[in-house]
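Biologist: I would like to learn how to read a few features from a model. Could we take them one at a time, general idea before case?

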Amino acid sequence: RIRVSAVSVPASLRSGLRQLPNLLSASRLLAVPVLAALAIGRVESAYAWLLIAALLTDVADGWIARAFSLQSRIGAQLDSLADSALMLVAVLGVWSFHPGVLTGNVLACSLALGLWALENLLALLRYGRLSSFHTWLSKISANLLGLFIGTLFVVGFEPWLFHLAVGATILASAEEMVLLAL
């Protein structure tokens with residue numbers, strides 16, 4: 001038995017889990033074109049449930065990778081790519097099904113999306129790839145955004161959750177730009 005982050009698992013099980021986080025990230029990436037087609041075709045129910053499933057893979061891949069010491073450089077890069085693609089298709093879905101969220105909050109949405117895009121552009125210019133800092137603030141931001149988007153599609157618009165998620169996103173993007181400058 002190997003003891004990993006307070007989780008004791010047989011070596012054979014750990015070996016079998018090795019690619020699971022990457023498979024979850026890849027499934028999130030593969031969901032993106034399907035989600036885009038559903039948003040363009042205005043099939044909200046299927047879009048919402050697939051989006052929620054994809055958001056849950058974002059939580060699961062990181063937890064599994066950390067809990068079983070399966071983190072890898074390629075895994076972090078795949079996770080960042082899948083997160084960015086999912087963010088774009090989530091914005092498309094919000095625009096398609098709940099445009100009032102964007103049009104009623106132009107400044108907040110523009111600032112959050114603009115800073116996020118700027119951070120990604122700066123990372124591409126500096127590293128030739130998306131950044132994979134995975135700071136606590138970026139994790140909190142991603143979870144709040146996921147919670148907001150899931151809530152939006154299942155329950156409806158919650159202004160307090162929107163502002164919390166957007167505020168965390170702005171702070172996380174600023175933090176990542178500071179890290180890029182170091």
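Modeller: A salt bridge here is a side-chain nitrogen of Lys or Arg within 4 Å of a carboxyl oxygen of Asp or Glu. By that criterion D79 forms a salt bridge with R28, with 2.6 Å between the closest N and O atoms. Since D79 lies in helix α4 and R28 in helix α2, the pair ties together parts that are 51 residues apart in sequence. Helices are DSSP runs (H or I, at least four residues), and they are numbered from the N terminus.

Biologist: What should I keep in mind about the model itself?

Modeller: It is predicted, so local features need pLDDT of at least 70 and side-chain atom pairs count only at pLDDT 80 or more, whereas totals for chains, interfaces and linings use all residues. Residues are numbered from 1 along each chain as its sequence is written, and side-chain values use heavy atoms, leaving out hydrogens and water.

Biologist: Are D79 and R28 buried or exposed?

Modeller: Buried means under 20% relative accessible area, exposed means over 50%, and partly exposed lies in between (1.4 Å probe, protein chains only). Both D79 and R28 are buried. Salt bridges with shared partners join R28, D58, D61, D79 and D83 into one network.

Biologist: How many salt bridges does a search of the whole structure find?

Modeller: Four. One of the pairs is R28 with D58, where the closest N and O atoms are 3.5 Å apart. R28 lies in helix α2 and D58 in helix α3 (residues 44–67), so this pair ties together parts that are 30 residues apart in sequence.

Biologist: Why does R28 count as buried?

Modeller: Because its relative accessibility is 1%. R28 also forms a salt bridge with D61, and there the closest N and O atoms are 3.1 Å apart. That pair links distant parts of the chain, R28 in helix α2 and D61 in helix α3, 33 residues apart. D61 is buried, as is R28.

Biologist: Next, helix packing. At roughly what angle do the axes of α2 and α4 cross?

Modeller: Two packed helices are described by the angle between their axes and the distance between the axes. The axes are lines fitted to C-alpha atoms, for helices over the stretch in contact, with angles from 0 to 180 degrees between N-to-C directions. For α2 (residues 20–40) and α4 (residues 73–97), the axes come within 9 Å and cross at roughly 20 degrees. These two helices are therefore roughly parallel to each other; angles under 35 degrees count as such.

Biologist: How do α6 and α8 cross?

Modeller: The axes of α6 and helix α8 (residues 159–181) also come within 9 Å, and the crossing is at roughly 25 degrees. α6 and α8 are therefore roughly parallel to each other as well.

Biologist: Which residues can I use to look at these helices?

Modeller: Start with A112, which lies in helix α6. Its relative accessible area is 9%, so A112 is buried. A112 and L171 are 59 residues apart in sequence, yet their C-alpha atoms are 8.9 Å apart in space. Then take E175, which lies in helix α8. E175 is partly exposed because its relative accessible area is 28%.

Biologist: Which residues form a nonpolar patch on the surface?

Modeller: They are L118, L121, L122 and L125, with about 360 Å² of accessible area together. Patch residues have over 30% relative accessible area and no salt bridge; nonpolar side chains (Val, Leu, Ile, Met, Phe, Trp, Tyr) are joined within 5 Å, like charges within 9 Å. Areas come from the Shrake-Rupley method with a 1.4 Å probe, and for residues only the protein chains shown count as cover. L125 lies in helix α6 (residues 106–127). L125 counts as exposed because its relative accessibility is 64%.

Biologist: Last, the backbone. What is the phi of S69?

Modeller: Most residues other than glycine have a negative phi. Phi of S69 is near 50 degrees, a positive value in a residue that is not glycine. S69 sits in the loop between α3 and α4 and is partly exposed, with a relative accessible area of 33%.

Biologist: And where is H134 found?

Modeller: H134 is in the loop between α6 and α7 (136–154). H134 too is not a glycine, and it has a positive phi of about 50 degrees. With a relative accessible area of 28%, H134 is partly exposed.

Terms used: Parallel < 35°, antiparallel > 145°, perpendicular 65-115°, else oblique.
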